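I opened my notebook to look into the inside of this protein and its aromatic rings. Here is what I looked up, in the order I went.

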Amino acid sequence: MNRVRVGAIVLRILYLYRGSPQRVFPIFIWVAVDILLWGFLTRYLNSVSQAGFDFVPALLGAVLLWDFLTRVMQGVTMAFFEDVWSRNFLNLFASPLKISEYLAGLVIAAVAASLLSLVAMVVFARAAFGLSFLVYGTALAPFVAVLFLTGIAMGVAAAALVLRLGPASEWLIWPIPMIVSPFAGVFYPLHVLPGWMRAIAVALPPSYVFEGMRAVVAGEPAPWGGLAAAAGLALVYLGSACFLFGAVYKTAIRTGLIARYSAESVS
């Protein structure tokens with residue numbers, strides 16, 4: 001893998017953000033909207049609840065962590081879509097650029113964007129509602145790491161889907177986080193789900209994260225075994241997503257689909 005070519009992909013994405021501030025603003029705007037909406041909701045729940053339970057770290061913390069996963073996924077897909085929308089995809093692969101180098105560049109750019117988003121979340125939540133992520137203790141790092149790996153895997157798999165079906169399939173990508181969230185138990189424990197949904201939840205790394213988060217907020221020790229299983233699943237999904245993207249790319253090259261890449265669906 002050539003670091004110069006990987007850096008070139010990252011640099012191109014950086015130039016896109018630097019030259020178009022409107023690409024940066026949504027990172028902060030949607031974070032602020034989510035924090036305000038769920039922050040005031042948790043304050044209201046605290047005021048009417050008689051259980052003495054603090055909803056701020058349980059619900060607002062869950063929202064911020066899920067928003068982080070979504071931003072990571074979108075960091076990968078948006079960088080890929082920029083090449084699709086600008087009809088630049090063919091130009092990239094007319095060069096010596098390898099598919100692994102392209103994916104590495106997308107992932108590094110997604111890391112930078114997601115970390116920027118995470119910092120904005122933490123600062124704004126602390127300033128507006130006094131939420132400190134220190135409540136999660138040493139479990140915070142593996143929580144974030146599992147969500148990050150899952151978000152990257154989802155983003156790469158989503159990009160592979162668009163590469164195979166064409167840019168017209170873009171609308172299939174945006175609802176993915178919302179479709180996954182009910183099974184991941186973002187806002188409620190998994191035991192409230194029916195059996196068939198729990199069976200799906202077991203295969204989702206974020207479900208272990210949010211179950212562990214609720215345990216930590218309740219004063220219980222972090223479930224390190226569950227987090228280790230989640231990390232293993234996330235790594236398997238990430239490897240599978242990268243393999244899928246490479247396989248789809250090879251198919252597009254072999255069948256000529258990549259030469260007919262346009263704004264319409266590819267069949």
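This is a predicted model: local features need pLDDT of at least 70, side-chain atom pairs count only at pLDDT 80 or more; totals for chains, interfaces and linings use all residues.

Entry 1, the core. I started with the largest nonpolar core, which has 74 residues. A nonpolar core here is a set of buried Ala, Val, Leu, Ile, Met, Phe, Trp, Tyr and Cys residues joined through side-chain atoms within 4.5 Å. Buried means under 20% relative accessible area, exposed over 50%, and partly exposed in between, with a 1.4 Å probe and protein chains only. I noted that Phe80, Tyr102, Leu106, Phe210 and Phe245 have the most contacts inside this core. Helix H3 gives the core its largest share, 15 residues. Helices are DSSP runs of H or I with at least four residues, strands are E runs of at least two, and both are numbered from the N terminus.

Residues are numbered from 1 along each chain as its sequence is written, and side-chain values use heavy atoms, leaving out hydrogens and water.

What does Leu106 touch, not counting residues up to four places away in sequence? I found Ile9, Ile13, Val76, Ala79 and Phe80. Contact means heavy atoms within 4.5 Å.

I got 6 aromatic pairs in the structure. Rings of Phe, Tyr and Trp (its six-membered ring) pair if their centres lie within 6.5 Å; planes under 30 degrees apart are stacked, over 60 edge-to-face, and the rest tilted. Trp66 and Phe210 make a tilted pair, 6.0 Å centre to centre with 55 degrees between the planes. This pair links distant parts of the chain, since Trp66 sits in helix H3 (residues 55-85) and Phe210 in helix H9 (residues 205-217), 144 residues apart. Trp66 is buried at 8% relative accessible area, and Phe210 is buried at 0%.

Next I checked Phe81 and Trp174: their planes are at 65 degrees and their ring centres 5.6 Å apart, so the pair is edge-to-face. Phe81 is in helix H3 and Trp174 in the loop between helix H6 (140-165) and helix H7 (176-184), so the pair ties together parts 93 residues apart in sequence.
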